[in-house]
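Q: Could you take me through one part of this structure in detail? I would like a close look at a single sheet and what surrounds it.

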Amino acid sequence: MNYLRRRLSDSSFVANLPNGYMMDLQRPTPPGSSTSSPASPATERRQPPSVPSQTQGPGSGSAAGSGSFLSSFSSVVKSAQMAQNVAAAAHAKSAAATAAEAAPTGSSQPAKPVIRKPKILLVIDDQHTDWGKYFRGKRLNGEYEIRVEQAEFSEINLASYVNSGCMVDMQVNKGGSKVVRSFKPDFVLIRQHAYSMIPGEDFRNLVIGLHFGGVPSINSLFSIYNFCSKPWVFSQMIKLYHSLGPEKFPLNEQTFYPNHMQMVTTPSFPVVVKMGHAHAGMGKIKVENQQDFQDITSVVALAGTYATTEPYVQSKYDIRIQKIGNNYKAYMRTSISGNWKANTGSAMLEQIAMTDRYRMWIDSCAEMFGGLDICAVKAVHGKDGNDYIIEVMDSSMPLIGEHVEEDKQLITELVINKMAHVLLGVATPQPSSVKRSASASPSQSAQGSPQRARSATTSPSQAFQPGPIPASSGPGSQKQSPQLNKSQSLTNTFTETLRGSLTDDEAKAETIRSLRQSFASLFSD
């Protein structure tokens with residue numbers, strides 16, 4: 001019996017019994033076989049053996065013994081089944097308790113909000129633009145706050161490590177004294193030139209340090225470093241010139257001299273000599289003849305740098321095509337002051353339509369150095385009717401025109417999307433083109449109808465800023481005329497004069513010359 005009890009307590013043994021076997025054992029004993037109630041084996045052992053009655057037959061003892069055995073066997077089976085049920089119930093209760101602990105708490109016990117560390121964005125730009133207000137309230141994927149740290153290249157220093165990344169030290173003015181604050185940037189937006197030949201403006205070592213620390217950026221640090229040499233960038237444009245052809249990519253011819261010793265002569269005059277790497281028209285000289293060219297050669301020798309020469313193009317107007325993410329804009333700038341540098345003196349700036357030709361230029365140049373998120377192409381439209389591409393700018397390009405605030409918002413969206421993709425692995429769409437960026441029709445681009453006029457003498461850094469808005473030509477323009485000041489009235493007259501002679505270039509040039517004195521006398525005081 002003990003053997004049966006041990007065997008029946010084994011769940012695997014009970015599970016292997018034939019179907020219906022347990023039910024047969026649990027059936028009640030048929031009448032006449034035995035009238036005794038089932039008893040446990042222990043109780044059976046404690047009961048004394050009963051004396052058979054004299055009236056019972058010879059087979060009654062064997063029948064009672066078999067009934068007692070079956071009752072004991074059935075009791076053991078039931079005990080084994082009860083043990084299995086208790087074990088299954090305990091297991092189910094334990095699983096339910098574990099699930100209850102893992103499940104979120106109800107309204108009676110609200111879950112504690114998860115505090116995520118903000119992502120640090122380092123913006124390298126001058127203090128004229130407060131980038132913090134454009135990123136205020138913005139979050140990455142709706143979860144991570146963006147903390148903006150803005151400084152110029154000259155105000156930061158850094159140390160980069162293989163495992164811990166890049167640590168930046170930034171000088172901050174607090175209470176009239178400079179305090180150094182340290183932080184680890186997660187992303188960098190570079191809106192300042194990393195290199196210029198002006199003493200104290202070589203920050204290529206900081207670009208190397210950020211790249212060494214693995215900090216992602218816009219534009220990429222690889223492209224930022226490559227843009228520290230204009231002839232190096234121009235060599236990439238030469239590849240585009242050869243692959244696309246002069247008709248699709250009209251690159252202005254240029255000659256490179258590694259030093260002054262090779263600057264003996266040039267094929268034709270006048271030429272523009274560019275010394276070293278500089279910006280905003282610095283280091284650029286127009287040379288009319290061979291004697292002046294020899295004089296410039298001595299200056300290049302004193303500077304101890306390389307130089308380039310390119311044929312001077314008699315410009316009708318300058319063209320600038322910019323790309324911010326997927327947003328495109330095109331501008332036309334016409335010099336009013338007569339300076340051969342269109343970014344010097346007075347200039348008229350207007351937005352023109354984005355043609356397929358312009359889009360091909362900017363898209364081709366945007367593939368340089370692994371891709372440029374922000375870039376611009378500068379070209380010159382000569383009086384011979386041809387276009388000449390002269391330069392490509394990266395993310396340090398100045399923002400121009402009347403949509404400066406819109407461009408800053410586009411840069412903000414571009415940075416947020418790039419940070420979410422690089423830091424969180426979230427793919428978000430880039431800023432798309434807005435309707436104002438292509439508001440002008442192709443016919444307006446061909447005609448070149450002015451939209452904005454610059455009516456004041458400006459410095460090279462301000463030459464791209466928009467001027468007063470001309471009065472509308474609708475019925476309400478007469479009501480607005482008395483409220484315009486003298487500068488605005490003159491600007492409107494100048495604009496309407498140009499609009500009336502769009503097809504006559506000589507009349508347009510004559511109008512510019514006749515009004516040049518008016519502009520000079522108006523703002524001379």
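A: Happy to! Helices, of at least four residues, and strands, of at least two, are DSSP runs numbered from the N terminus. Please keep in mind that this is a predicted model.

Let us start with the sheet itself. Four strands form an open sheet in the order β9-β12-β10-β11, and their pairing is antiparallel. The edges are taken by β9 (255-257) and β11 (284-287); each has a single partner strand, so one side of each is left without a neighbour in the sheet. On average, neighbouring strands here are turned by 25 degrees against each other, direction ignored.

Strand β9 runs antiparallel to β12 (residues 307-311), and three bridges join the two. Within this pair, F256 stands opposite T308 of β12. Helix α10 (residues 290-303) packs on the sheet, where it touches β10 (271-275), β11 and β12. The direction of α10 makes about 5 degrees with that of β10.

Between α9 (230-244) and β9 you will find N252. Is N252 buried or exposed? With a relative accessible area of 6%, N252 is buried, because buried here means under 20%. Leaving aside residues up to four places away in sequence, N252 touches F234, E310, P311, V313, Y388, I389 and I390. Among these contacts, E310 and P311 fall in β12, which spans residues 307-311.

Definitions and conventions. Residues numbered from 1 in each chain as written. Predicted model: local features only at pLDDT ≥ 70, side-chain atom pairs only at ≥ 80, totals over all residues. Heavy atoms only, no water. Pairing = 2+ DSSP bridges. Axes fitted to C-alpha atoms, helices over the stretch in contact; angles between N-to-C directions. Contact = heavy atoms within 4.5 Å. Buried < 20%, exposed > 50% of the residue type's maximum accessible area, 1.4 Å probe, protein only.
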